[in-house]
Amino acid sequence: MSVPRTSALTPEQARQDMVDALVEERADLGMEKLPEQVEEALRAVPREVFVPGLPLVEAYDRHQAIVTKHDEAKRVALSSVSAPSIIALMLQRADIRPGHRVLEIGSGGYNAALISHLVGETGQVTSIDIDPDVIARAERCLKEAGVDQVHLAVTDGEHGFASRAPYDRIIVTAGAWDLSPSWEEQLAVGGRVVVPMRVRGLTRCLTLERAEEPGHWRSLAADMCGFVRMQGVGEHWERMPLLHQEEGSQVGLRLEDGPQVDVDALRRALTQDGETVWAGVCVRADEPTDALDLYLASAADGWALLTAQRGAITSKLIRPVVLMGTPAMVDEEGESFSYRALRRSPDDEELYEFGAVGHGPAGRRVAQNMVDLIGVWDREHRGGPGPRIDLVPIDTAAEDLPTGRVVSKRHTHMILNWTANPFE
């Protein structure tokens, strides 16, 4: 893969290098070719204007999201300019065309400028954010970039922006927990919503089209992504009990749409030696595991995500894990848990084997349950199209719900079905 130039760069050169690298990377990964109009927009819009002060190499890092605002404690990102790679993917999924009316929920300026390029002079772009500082910053940046066709407004994204509806496309650039009814009301017939949505603690960018029945949606794609959390009425915080509270070595469980637990019992369980069960299922070092994560979240009743600070690993309190969220399971009593582990394969040093570490009275059984599910994914779903994902109104009767894992939210039930063809 080509490497962007790092010295004597001009903004134009940096921009072209970034897009060239994106195009080449997608080809290497066997991904669908970037639509010509999206590629043209990325080559035309000056990203450095929207991330002022950064070296060009960082401003045009295709995988780099730039945080533009933190909370007062400097711990939580409140706003960011998304990575070009995920922006390109979302614009591809949105299928924006000249003349479209587009609502962007979660502003920053750069994405709105790209959308403006895509819709052309006959289209309309509305970009909203709950934070006045974000809108003011976007306004300054858009003006400097010479983009004057974007309507900016300060408002809660949960409510959309009715005065400029209907929209052909709604693109949400903040992590949502549910689909707002306002978005459906403001979407034109045949429209599409692209939204990063949390699925039992995992975030997937869903490309949604309405089904025939009102309030029913079908996901056309579910892509790996990460976004700052939506604020306002649509904000949702999961339960996150700490199992080990020492500063720098904290271990916790994220229990979004997850089980009720006995926190004291789980804390005691963590102090006991873990029991490890290996699955005999291996992956390459560069092989994504997001499909497995989503399958486990769909299949496991006691689903959770284990979070950890580095000190918990260096002190060997737990095995190496994904710090922000390793797949985990809690037993029926909420007193034992397991989390996914990884080791270099004893049979092939180029492969890594999945396993599970269990803690507590039922730790080994819960670890075995996770390993069994990893085996099912390997045999039946690995390399497949992933789950069919439907959204139906929250008042849908239980007997009328589609088959699959039902995740109940505020406005909708989300159903994940791994046995149906997602494109039927």
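Predicted model: local features only at pLDDT ≥ 70, side-chain atom pairs only at ≥ 80, totals over all residues.
**Stop 1: the ten-stranded sheet**

Start by selecting the strands of the open sheet of ten, which has the order β5-β4-β3-β6-β7-β8-β9-β17-β19-β18. The pairing in this sheet is mixed. At its edges are β5, residues 150-154, and β18, each of which pairs on one side only. Direction ignored, neighbouring strands here are turned by 25° against each other on average.

Next, pick out two helices that pack on this sheet. Helix α4, residues 84-94, touches β6, β7, β8 (202-210) and β9. The direction of α4 makes about 145° with that of β7. Helix α6, residues 132-145, touches β4 (124-129) and β5. Its direction makes about 160° with that of β5.

**Stop 2: strands within that sheet**

Select strand β7, residues 187-199. Is β7 mostly covered or mostly open? It is mostly covered, with eleven of its 13 residues buried. To see a facing pair, show Ile171, which stands opposite Val194 in β7.

Move along to strand β9, residues 217-224, and β17. These two run antiparallel, with two bridges between them. Show Trp217 here; its bridge partner in β17 is Leu391.

**Stop 3**

Go on to the loop between β17 (388-393) and β18 (405-408), where Ile394 is found. Is Ile394 buried, exposed or partly exposed? Its relative accessibility is 33%, so it counts as partly exposed. Select His413 as well: 19 residues separate it from Ile394 in sequence, yet the two are 5.4 Å apart in space, C-alpha to C-alpha. Leaving aside residues up to four places away in sequence, Ile394 touches Ser408, Lys409, Arg410, His411, Thr412 and His413.

**Stop 4: the seven-stranded sheet**

Now select the other sheet, an open one of seven strands in the order β10-β11-β13-β14-β15-β16-β12. Its pairing is antiparallel. The edges are β10 (242-244) and β12 (275-284); each has a single partner strand, so one side of each is left without a neighbour in the sheet. On average, neighbouring strands of this sheet are turned by 35° against each other, direction ignored.

Which strand pairs with β12? The partner is β16, residues 351-359, and the two pair in the antiparallel sense over seven bridges. Within this pair, show Trp278, which stands opposite Gly355 in β16.

**Stop 5: helices α2 and α5**

On the α2 side, the contact is made by Gln37, Val38, Glu40, Ala41, Leu42 and Ala44. On the α5 side, show Tyr110, Leu114, His117 and Leu118. Sorted by class, this contact has seven nonpolar, two polar and one charged residues.

Keep α5 selected. How many of its residues are buried? Nine of its ten are, and the helix is mostly covered. Among the buried residues are Asn111, Ala112, Ala113, Ile115, Ser116 and Val119.

**Stop 6: helices α9 and α11**

Finish with helix α9, residues 290-299, and helix α11, residues 363-381. The axes of these two come within 10 Å and cross at roughly 120°. What describes α9 and α11: oblique or parallel? They are oblique to each other, and α9 passes α11 in a right-handed crossing.

To view the contact, show Ala291, Leu292, Tyr295, Leu296 and Ala299 in α9. In α11 they meet Met370, Leu373, Ile374, Val376, Trp377 and His381. Divided by class, the residues of this contact are ten nonpolar, one polar and no charged.

Note on methods. Residues numbered from 1 in each chain as written. Heavy atoms only, no water. Contact = heavy atoms within 4.5 Å. Helix = DSSP H or I, 4+ residues; strand = E, 2+ residues; numbered from the N terminus. Nonpolar A, V, L, I, M, F, W, Y, C, P; charged D, E, K, R; others polar. Pairing = 2+ DSSP bridges. Axes fitted to C-alpha atoms, helices over the stretch in contact; angles between N-to-C directions. Buried < 20%, exposed > 50% of the residue type's maximum accessible area, 1.4 Å probe, protein only. Parallel < 35°, antiparallel > 145°, perpendicular 65-115°, else oblique. Left-handed = near helix turned anticlockwise from the far one by under 90°.
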